[in-house]
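Let's take a friendly walk through this model. Have the structure open beside you as you read.

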Number of protein chains: 2
Amino acid sequence: MPVNLPGLSILHPVSGIRLGTACAGIRKKDRRDLVVIECAAETRVAATFTRNRFCAAPVTVAREHLARNAPRALLINTGFANAGTGLAGLEDARSSCAVLAQLLSCQAGEILPFSTGVIGERFPLARIISGLPTCLTQLDENGWAEAAQGIMTTDTVPKGASRKVSIGAHTVIVTGIAKGAGMIRPDMATLLAFVATDAVVAADVLQTCISTAIQRSFNRITVDGDTSTNDACVLLATGRAGHPAIERVEGEAYAELLRVVTEVFTELAQAVVRDAEGATKFITIEVRGGRSESDCLEVAYTIAHSPLVKTAFFASDPNWGRILAAIGRAPIAQLDVNSVAVYLNDVCVVRDGALDAGYTEARGLAVTRLPEIHVGIELGAGSASAQIWTSDLSHEYVRINAEYRS
Amino acid sequence: MPVNLPGLSILHPVSGIRLGTACAGIRKKDRRDLVVIECAAETRVAATFTRNRFCAAPVTVAREHLARNAPRALLINTGFANAGTGLAGLEDARSSCAVLAQLLSCQAGEILPFSTGVIGERFPLARIISGLPTCLTQLDENGWAEAAQGIMTTDTVPKGASRKVSIGAHTVIVTGIAKGAGMIRPDMATLLAFVATDAVVAADVLQTCISTAIQRSFNRITVDGDTSTNDACVLLATGRAGHPAIERVEGEAYAELLRVVTEVFTELAQAVVRDAEGATKFITIEVRGGRSESDCLEVAYTIAHSPLVKTAFFASDPNWGRILAAIGRAPIAQLDVNSVAVYLNDVCVVRDGALDAGYTEARGLAVTRLPEIHVGIELGAGSASAQIWTSDLSHEYVRINAEYRS
């Protein structure tokens, strides 16, 4: 069960973006597994991809196509990741683009392919191709909810977020969908996010916007530290909202766009953690008082990836010794252990590197029993800070990841 | 159940080393929980300690004492780690040394203290002190097996190793005991190893010997990546074997000593992984063809710490996609994915970065079903190599670490 994650809220359509899905039987019958996102001409596209060196074939192809062309459509399949498939996988990805391009009367290089699912097996090209016409007949500006379902792998709920914001006298929409988290999925590869806006934005400004927003959202979540081979996040801007174009990162209009894009990204990123495999807790780790943001992040991720800390949270155990031990091994240049403080929500557990005099196990337990926990770390070394979100490590995580192929 | 780890073999006594244990009721009744290891005068002592900044009080005190004095005895308790206990913990550690020193008619600075167990609670000084006389009456050169029991926390079996080796015409003994692994223990802090030899060795040569041997043994194991606050490894040399003193690291005598010390360290380190919490597999990861040893180690540890790889091994699932994904995110400067090969024992799974033509799931399964698995990675980038040992991630690991305090 996801942690505090209700069903999809209203996903406002974005003028110029149409979405169509199909049940193509790619890996399972009768589930939406193929999605086409069509972009109107003049749509600006910015994207970020996994930094895993074993990136999937569609990632390689999407990068190539994006470098040379303004995309007309995104083609997304679930079921197979098309990763670890060598040259044959690249050919498969290119072929699927070529067929969709023909149906849309555009060039193969104007299609961006995305895949998620099992690693290491070739995807069923024929089934994907035969599903494409259905996707195209379904194309609709109100197709976001179906598309959110169509990109799921072992996600338990579809994930979407949508905002309206005023830029000058104009209303701008930002709507997006996402699936997965880190590489928490068994044989699945993993985080995909597609967000669109009708804002009028120059291409380089849009790229800055996605890069900045992603640093505060998708790049701040972790479930198991396993970076996927297929991660991709795409931000589309159709330019139909009618306001004066945002051509510089200075000024109020860009600030407003960045704020709302970051908000949508963050809601999607947190949704992914809330639905992490086996998750029973949603944990925010905030590290303050560091000498640099990267020091704060190192400490936060060391805590978030510690199997001992994660199993303690699963047990609702305020096991602060494990948190201290994780801080103590974080790879940062300097750490004055006598300045460290640890908080669970507003309960001070450790002050000046040792147990706080006012702390009691009962006060700690009252926090760790909650489904949402804020872990505050004070390093006492500077003024930098950073915040990430993670989940706990439960029996269910082991079951899902151990038994998936059995 | 530990993986292929039979009971203690014969632990040869080391002339000049006497060991005494007691059931002091430190945390549980009727279990050996207090150990004194007495060293004859002239014993050389070399040691390495945890690099966790939140090191335990006994680690701080042992480091101080070792810097100034030739130790006469080691004092070890299980049950409480005396970590995260602030100034009071330091006082407790010093007091326990002072009392033992009085009983042995030496200085407090000649005692090295070691603790393992729950983090964050002060240890029961009075019970430890009242157990010391029993330890002293039990002092015996044949006390190794009892001492191996007396340092256990949640270890399921005591761990020891012993070798005889010829140095010139003389027989030299190397005998040691260890407990734990990484920081896999719930609230426990963790790896302690005490190894003694009657070899005649200069102090600086002994320090070189321990540092070199540890790099090939204890520093090559991981269970969960969680470095303990209390790790310590001590090598004692009583100098009673009668051979000409080893005063240089050149020459055959040192090479022989290093070889056998490394062998004992490795057997102990592997025993710790074999008895890792919830372990059902003993996994060797060997990375070859790297540009440097550190590159090879980064790749090996990234695989070993991946929860997805570890759960796949628990499921006996030859899930090579997860191994590739881990290699792909390893933090090394350069990686040519098209040169990478992956072997499970002698079965080639991946060649030139993609599935080997001769590989079948059945061949992979035949390996991953075994309790001992060798994962061979070929990077194809150079001539360096490295090898580490690890365990899988099972339901039992989560159960033990989540439910320990419940």
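Two residues count as being in contact if their C-beta atoms, placed from the backbone, lie within 7 Å. This is a predicted model, in which local features need pLDDT of at least 70 and side-chain atom pairs count only at pLDDT 80 or more, while totals for chains, interfaces and linings use all residues. Residues are numbered from 1 along each chain as its sequence is written, and chains are lettered from A and ligands numbered from 1 in the order in which they are written.

With that in hand, look at Val309(A), which sits in helix H8 (residues 307-314) of chain A. Helices (H or I, at least four residues) and strands (E, at least two) are DSSP runs, numbered from the N terminus. Leaving aside residues up to four places away in sequence, Val309(A) touches Ile303(A), Arg322(A), Ile323(A) and Ala326(A). A residue is buried if 20 or more other C-beta atoms lie within 10 Å of its own, exposed if 12 or fewer, and partly exposed in between, with C-beta atoms placed from the backbone. Val309(A) is buried because 27 other C-beta atoms lie within 10 Å. Its C-alpha is separated by 8.6 Å from that of Leu393(A), 84 residues apart along the chain.

## A seven-stranded sheet

Chain A has an open sheet of seven strands in the order E9-E16-E11-E15-E12-E13-E14, with mixed pairing; two strands pair if DSSP finds at least two bridges between them. Strands E9 (221-222) and E14 (354-355) of chain A stand at the edges with a single partner strand each, so one side of each has no neighbour in the sheet. E9(A) runs parallel to strand E16 (residues 384-391) of chain A, joined by two bridges, and Thr222(A) stands opposite Thr390(A).

Now switch to chain B and strand E12 (residues 341-344). Val342(B) and Leu344(B) form its covered face, while Ala341(B) and Tyr343(B) form the uncovered one. Four bridges join E12(B) to the antiparallel strand E15 (residues 372-378) of chain B, where Ile377(B) stands opposite Val342(B). Three bridges link E12(B) to strand E13 (residues 347-351) of chain B, also antiparallel, and here Leu344(B) is opposite Val347(B). E12(B) and E13(B) make a hairpin with two residues between them, and Asn345(B) in the turn has a positive phi of about 50°.

## A bent helix

Helix H3 (residues 125-138) of chain B bends by about 30° at Leu132(B), with Pro133(B) following within four residues; the bend is the angle between axes fitted to the seven residues ending there and the seven starting there. Its buried residues are Ile128(B), Gly131(B), Leu132(B) and Cys135(B). They pack against strands E1 (17-22), E2 (34-39) and E4 (73-80) and helix H2 (86-104) of chain B.

## How the two chains meet

Chain B superposes on chain A by a rotation of 180° with 0.0 Å of shift along the axis (RMSD 0.0 Å), which is the relation of a two-fold axis. In chain B, the C-alpha nearest that axis belongs to His395(B), 2.9 Å away. The superposition is by least squares on the C-alpha atoms of residues with pLDDT of at least 70 in both copies.

The contact takes 46 residues from chain B and 46 residues from chain A. H9(B) gives the largest share of the chain B side, eight residues. Since 100% of the interface residues of chain B are also interface residues in chain A, the copies meet through the same surface.
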